[in-house]
Amino acid sequence: MEGIPHPIPRTVEEVFSDFRGRRAGLIKALTNDVQKFYQLCDPDCLSFCLFLLTYVVLAEKENLCLYGLPNETWEVNLPVEEVPPELPEPALGINFARDGMQEKDWLSLVAVHSDSWLLAVAFYFGARFGFGKNERKRLFQMINDLPTIFEVVTGNAKQPKDQSTPPNNSSKNKSSGKVSRQSEPLQSKGVKMSPLPKEEDESGEEEEEDDEQGATCGACGDNYGADEFWICCDVCERWFHGKCVKITPAKAEHIKQYKCPSCSSKRARV
């Protein structure tokens, strides 16, 4: 697989550095070097390719793999012959799927398998060198802060969310809450947010009352919880636990204007 030996990562930081290098190489193959990568995966031709200053013959109709290397390079090569392999192996036979799919779909498929392979390699090192619970958690958090290869290749890489916005902020500005529901539907419908920060009080007791009202559920009266799904009523601007008003995050995605049970019943009576 890899013609030049690389240092074996043994700490969380070293494993993450290895992960990041391999990830950079794979992204390069699927974006900047995509035409070269596409040609190397031709399932019908006999290709002579230069890998790490050595010519390697890729025999016709062989199963090929895409490898990302720790030095931020990539290679298309035959799978290793040793069983079991020294490291987890990437998806086998990517070249056979190439001509049976649209190029965009094929690249997305390779990207998904590459993401899975990167995680497998990283946690293989973690298992091999006895990472404990906290070390595994820290490694995953470092990895999870990076967009996946699939997100980069498909253009769906998500921007980091500002998790300091409490639910009661929208109750202070009626129009801003409705605008944020369209531009950031998950955020406005109460997807997990961090605990309520204490804001500087510039308008006296009125803002303190707003903060207290926004920090409790309008149905059950319980305090805001960072790990719970919340949704805001567009009429009375009170926040509710999704479970209290029987609204799930998936259902909230299709609601243009949410009215709590109380506001809905008032409208019905009128």
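Which residues in α1 meet which residues in α5? In this predicted model, in which local features need pLDDT of at least 70, side-chain atom pairs count only at pLDDT 80 or more, and totals for chains, interfaces and linings use all residues, the contact (heavy atoms within 4.5 Å) joins Val12, Glu13, Val15, Phe16 and Phe19 in α1 to Glu135, Arg138, Leu139, Met142 and Ile143 in α5. Residues are numbered from 1 along each chain as its sequence is written, and side-chain values use heavy atoms, with hydrogens and water left out. The residues of the contact of α1 with α5 comprise 7 nonpolar, no polar and 3 charged; here Ala, Val, Leu, Ile, Met, Phe, Trp, Tyr, Cys and Pro count as nonpolar, Asp, Glu, Lys and Arg as charged, and the others, Gly among them, as polar.

Helices (H or I, at least four residues) and strands (E, at least two) are DSSP runs, numbered from the N terminus. The axes of α1 and helix α5 (residues 133-144) come within 10 Å and cross at roughly 30°. Such axes are lines fitted to C-alpha atoms, for helices over the stretch in contact, with angles running from 0 to 180 degrees between N-to-C directions. Helices α1 and α5 are therefore roughly parallel to each other, given that angles under 35 degrees count as roughly parallel, over 145 as roughly antiparallel, 65 to 115 as roughly perpendicular and the rest as oblique. The crossing of α1 and α5 is right-handed; a crossing is right-handed if the near helix is turned clockwise from the far one by less than a right angle, and left-handed if anticlockwise.

A further helix packs against α1. The axes of α1 (residues 12-30) and α4 (residues 103-128) come within 10 Å, with a crossing angle of roughly 165°, which makes α1 roughly antiparallel to α4. The crossing of α1 and α4 is right-handed. On the α1 side, Val15, Asp18, Phe19, Arg22, Arg23, Leu26 and Leu30 take part, meeting α4 residues that include Leu107, Val110, Trp117, Leu118 and Phe125. By class, the contact of α1 with α4 has 13 nonpolar, 1 polar and 3 charged residues.

Salt bridges (a side-chain nitrogen of Lys or Arg within 4 Å of a carboxyl oxygen of Asp or Glu) number 5 by this rule. Within helix α1, Asp18 and Arg22 lie 4 residues apart, about one turn of the helix, and their side chains form a salt bridge with an N to O distance of 2.6 Å. Asp18 counts as buried at 7% relative accessibility, and Arg22 is likewise buried, at 3%; buried means under 20% relative accessible area, exposed over 50%, and partly exposed in between (1.4 Å probe, protein chains only).

Arg98 forms a salt bridge with Asp42, the closest N and O atoms being 3.8 Å apart. Arg98 lies in helix α3 (residues 94-98) and Asp42 in the loop between α2 (34-40) and β1 (47-51), so the pair ties together parts that are 56 residues apart in sequence. Arg98 is buried at 7%, whereas Asp42 is partly exposed at 24%. Asp42, Arg98 and Asp99 are linked in a network of salt bridges.

Lys243 and Glu228 form another salt bridge, their closest N and O atoms being 3.7 Å apart. This pair links distant parts of the chain, 15 residues apart: Lys243 lies in the loop between β6 (239-241) and α10 (249-252), and Glu228 in the loop between α9 (205-214) and β5 (230-232). Lys243 is exposed at 65% relative accessible area, while Glu228 is partly exposed at 25%.
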